[in-house]
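Here is a short briefing on a protein model. Keep the sequence and the 3D view open as you read.

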Amino acid sequence: MPLGAHMAMVGLFWITEDSVYVGAEPEGTTSGVRLTGDGVELLGRERAGSWSWDEIRGIEVADVPVRRTVRRHASIAFDLVSALLGQEPEQPPFFTVRVTTGGGTVGTSPFAAITGGIYGPTEYELSLALLRRLVDGGGTGLDDLLAWRRDHGTAATPGREERELLLLKWAGGRSPH
């Protein structure tokens, strides 16, 4: 699927017309984390499994590259110059997602979903707030993300300010600060 066709990236989330992923949607045997109305699925060769929302005690995200806007733009510009010079583009960075259930904790490492693989601190914190809301509410709220994606058809990923406002709304107005 061409980047931007039928999906959008908002915070840590890759939102398609019918699925929400923490990190990029996995292709082939790459790792991924899909959130559904029924629960959480770890995908890929590294880890596989699924748990209902009733079984989920927490979802922790670690090792996410977070930088202030100026440093983030400098890193993206460097990547663009490298691409123009014919260097192979680097894969987006991985980060760690750990799902805790009554039976223990299992983790996986999906690719970052954002262009350049580097998140701004506010977008990152709002994403964590949304994950906490989803866990606390047994997945309640996922329909809001999917409805937003369907309502925006094939529109591109929104700009940073709009992404932050969406995350704030979806997280129930819980500011990270």
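Contact here means heavy atoms within 4.5 Å. The model is predicted. The points below cover helix α3 and what covers it, the largest nonpolar core and a loop residue, D63.

**Helix α3**
- Helix α3 spans residues 142-151, and its buried residues are L142, L145, L146, W148 and R149.
- These residues sit on the same side of α3, because they cover an arc of only 155° around the axis.
- The face turned away from that buried side carries the exposed residues D143 and D151.
- Among the elements covering the buried residues of α3 are the strands β1 (7-10), β2 (13-16), β3 (20-22) and β4 (32-35).
- G153 follows α3 and has a positive phi, near 45°.

**The largest nonpolar core**
- The largest nonpolar core has 48 residues.
- F13 and L35 have the most contacts inside this core.
- Helix α2 (residues 121-136) supplies the largest share of the core, 8 residues.
- Leaving aside residues up to four places away in sequence, L35 touches F13, V20, V22, V40, W53, I59, L131, L134 and L142.
- In soluble globular proteins, nonpolar side chains tend to be buried together.

**A loop residue with positive phi**
- D63 lies in the loop between β7 (56-62) and α1 (69-84).
- D63 is not a glycine, yet its phi is positive, about 65°.
- Is D63 buried or exposed? D63 is exposed, with a relative accessible area of 56%.

Key
Residues are numbered from 1 along each chain as its sequence is written. This is a predicted model: local features need pLDDT of at least 70, side-chain atom pairs count only at pLDDT 80 or more; totals for chains, interfaces and linings use all residues. Side-chain values use heavy atoms; hydrogens and water are left out. Helices (H or I, at least four residues) and strands (E, at least two) are DSSP runs, numbered from the N terminus. Buried means under 20% relative accessible area, exposed over 50%, partly exposed in between (1.4 Å probe, protein chains only). A nonpolar core is a set of buried Ala, Val, Leu, Ile, Met, Phe, Trp, Tyr and Cys residues joined through side-chain atoms within 4.5 Å. The arc is that of the directions from the helix axis to the C-beta atoms.
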